[in-house]
Amino acid sequence: MMLLRNLKFALNSAWQSFWRNLAVSLAAVVSITLILILAGINLLVGHAFSQVLDGFRVKVSEISINVSDDTPLSTIYDFQQQLAADPRVTSVTFITKDEALANFKQDPNNYVLAQQIDGNPLDAKLDVRVANLNDVAAIDSLARQWPGVDPTDPTNYQGDFVNRMLSLSQWLGYAGVGLLAVLVVVSIVIVMNTIRTAVYHRRKEIEVMKLVGATEWFVRGPFVIEGVMTGLIAASIALALLVVAYEPAVDRFRSDIAFLPLSYDPSFISSLARDLLLGGALLGALGSYIGVRRYVRV
Amino acid sequence: MVLTPDFDSRPVISFQHVWKTYPTGTQALRDVNLVVPEGDFLFLVGPSGAGKSTLVRLLIREEKPTKGKIFVDGVELGRMKRRQLPHYRRKVGLVFQDFKLLPNLTVYENVAFALRVLGESDRLIRTRVAEAIDTVSLSGKEQTYPSHLSGGEQQRVAIARSLVHAPRFIIADEPTGNLDPATAWEIMQLFLRINARGATVVMATHNREIVDLLRRRVVAIDGGQIARDDRSGRYHDDVVTKSQVRAQ
């Protein structure tokens with residue numbers, strides 16, 4: 001009952017003080033909004049890259065093992081069974097020489113070349129899908145030791161490319177996290193100082209509250225709630241701007257950098273909204289908490 | 001020598017060999033011993049910088065003693081934990097020279113504030129605040145803001161706030177310092193009424209006329225020490241009485 005009354009009091013005074021000190025409140029809203037926009041862009045770019053990387057991952061986790069023409073079918077079948085039983089492998093598909101040629105001819109890019117082909121120069125192959133990108137190299141070396149492999153062109157595995165993709169995705173992840181961390185620190189400092197200015201104007205009020213026996217949380221409560229309110233308002237503004245700009249920005253970049261398969265992902269907006277609102281509320285609360293600290297302590 | 005005045009009631013406040021040295025090196029209080037029994041009305045007098053304000057600050061636990069012990073209502077202030085402090089302050093009524101009202105709250109809200117921090121119900125707040133405002137004769141001004149009140153009226157609001165939660169004792173630091181003599185006298189009447197109802201009052205003051213007129217207990221502080229403790233004293237030590245007790 002008492003807790004409810006205190007909460008009511010805190011909500012009331014937070015609301016009143018937000019409007020009473022509108023200039024300071026707006027300054028806080030603007031700074032948090034800008035920070036959250038940066039954080040949101042970071043999240044969106046990170047998401048776009050991870051989508052692109054996922055696409056690459058699917059491609060490079062497939063490895064084709066070329067089978068030399070004189071290999072008996074039973075040997076191929078045995079090896080296919082062996083691969084299928086390997087826990088690292090998701091699936092193995094055998095493609096005969098004829099199927100390989102048919103696939104080749106189907107691709108419109110190969111139209112001119114297909115016209116000139118005489119007979120079937122293509123190998124039969126085993127298409128292996130590997131569960132974890134890190135295991136592709138091991139499967140590749142396994143295939144190269146297999147006697148049935150075409151010694152002139154054993155597999156289509158490009159080790160360097162895969163490794164580079166792996167380290168690139170790792171570094172992009174680190175960079176994103178690092179950037180977010182910097183943003184969080186900068187924003188807490190900004191929010192803290194903004195709110196400390198607001199608190200400074202009300203230090204007399206806090207002094208009186210303390211003198212009549214208000215607990216630290218009773219004094220702090222309204223400020224923290226005001227911080228959360230400020231954070232939520234800022235997050236809503238940032239979110240609205242980002243949502244409006246998301247699709248046009250993707251379209252723009254897609255035409256500029258055609259080789260990156262960027263895509264607009266509306267399902268990501270709900271997770272972005274959650275992150276920004278949560279982040280805004282936390283930022284506001286933390287900034288207020290720290291900002292008031294100095295004045296609340298006797 | 002520890003002073004133990006021969007009052008019947010138990011002490012509400014007792015200072016035992018209290019020293020206070022500020023970080024700057026200023027010795028504000030030196031070996032102060034003081035006992036205030038329940039229901040007492042005590043004037044703290046002395047020149048500026050003598051240590052009156054330090055004594056008040058120690059009493060409301062804005063400062064801790066460097067040496068010695070202060071007991072209020074059986075609790076040793078120096079050992080009180082920080083989170084217990086709000087609960088201690090709620091037992092005390094505080095009145096200051098500069099009133100310390102909240103400018104953006106009305107008279108009613110200012111007085112109610114002391115009960116809001118206790119988490120009291122709206123209904124209880126309404127009756128208690130009405131009583132307190134009536135006690136200080138400010139009925140009808142509930143919805144006025146402090147900036148629209150005279151100094152005397154503002155101090156009345158502060159007094160109403162200090163007694164709305166029925167504290168056992170009231171500490172007043174120069175409550176009449178900003179008021180003209182007539183208004184100061186009215187405010188003093190108010191304190192006497194509160195004291196007559198049973199609250200212990202400790203008042204630091206420079207107001208010589210009032211101290212001399214009321215002939216209550218006077219504790220004179222000079223150079224950080226208690227220079228005089230008279231049961232019914234005057235502002236200045238110009239009449240030597242038998243009841244005069246020298247501390248030191």
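Student: How many bridges join strand S3 of chain B to S9(B), and do the two run parallel or antiparallel?

Tutor: Keep in mind that this is a predicted model. Four bridges join S3(B), residues 41-45, to S9(B), and the two strands run parallel. One pair to look up is Leu42(B), whose bridge partner in S9(B) is Arg217(B).

Student: Which strand do five bridges join to S9(B)?

Tutor: That strand is S10(B), residues 225-230, and the two run antiparallel. Here Ala220(B) stands opposite Arg228(B) of S10(B). S9(B) and S10(B) form a hairpin with two residues between them. In the turn, Gly223(B) has a positive phi of about 60 degrees.

Student: Why is S9(B) largely enclosed by the rest of the structure?

Tutor: Burial is judged by counting neighbours: a residue is buried if 20 or more other C-beta atoms lie within 10 Å of its own. In S9(B), residues 217-222, five of the six residues are buried, so the strand is largely enclosed by the rest of the structure.

Student: How do side chains sit along a strand in general?

Tutor: In a regular strand they alternate between the two faces of the sheet.

Student: Which residues touch the most other members of the largest nonpolar core?

Tutor: They are Leu44(B), Val111(B), Ala160(B) and Val201(B), in a core of 110 residues. The largest share of this core, twelve residues, comes from helix H9 of chain A, residues 216-256. Apart from it lies another core of 14 residues, including Phe79(A) and Val128(A).

Student: What is Leu44(B) in contact with, leaving aside its neighbours within four places in sequence?

Tutor: Among its contacts are Val219(B) and Ile221(B), along with Lys52(B), Leu55(B) and Val202(B).

Student: How many residues does each chain give to the contact between chains A and B?

Tutor: Chain B gives 16 residues and chain A gives 15. On the side of chain B that touches chain A, helices H2(B) and H3(B) each give two or more residues. H2(B) gives the most, with four. By class, this side of chain B has seven nonpolar, three polar and six charged residues.

Student: What about chain A as a whole: how many helices and strands are there?

Tutor: Chain A has ten helices and three strands. Of its 298 residues, 30% count as buried. To see how sequence and fold relate, take contacts in chain A between residues at least 6 apart in sequence: 86% of them join residues at least 24 apart.

Key
Residues are numbered from 1 along each chain as its sequence is written. Chains are lettered from A and ligands numbered from 1 in the order in which they are written. This is a predicted model: local features need pLDDT of at least 70, side-chain atom pairs count only at pLDDT 80 or more; totals for chains, interfaces and linings use all residues. A residue is buried if 20 or more other C-beta atoms lie within 10 Å of its own, exposed if 12 or fewer, and partly exposed in between; C-beta atoms are placed from the backbone. Two strands pair if DSSP finds at least two bridges between them. A nonpolar core is a set of buried Ala, Val, Leu, Ile, Met, Phe, Trp, Tyr and Cys residues joined through C-beta atoms within 7 Å. Two residues are in contact if their C-beta atoms, placed from the backbone, lie within 7 Å. Ala, Val, Leu, Ile, Met, Phe, Trp, Tyr, Cys and Pro count as nonpolar, Asp, Glu, Lys and Arg as charged, and the others, Gly among them, as polar.
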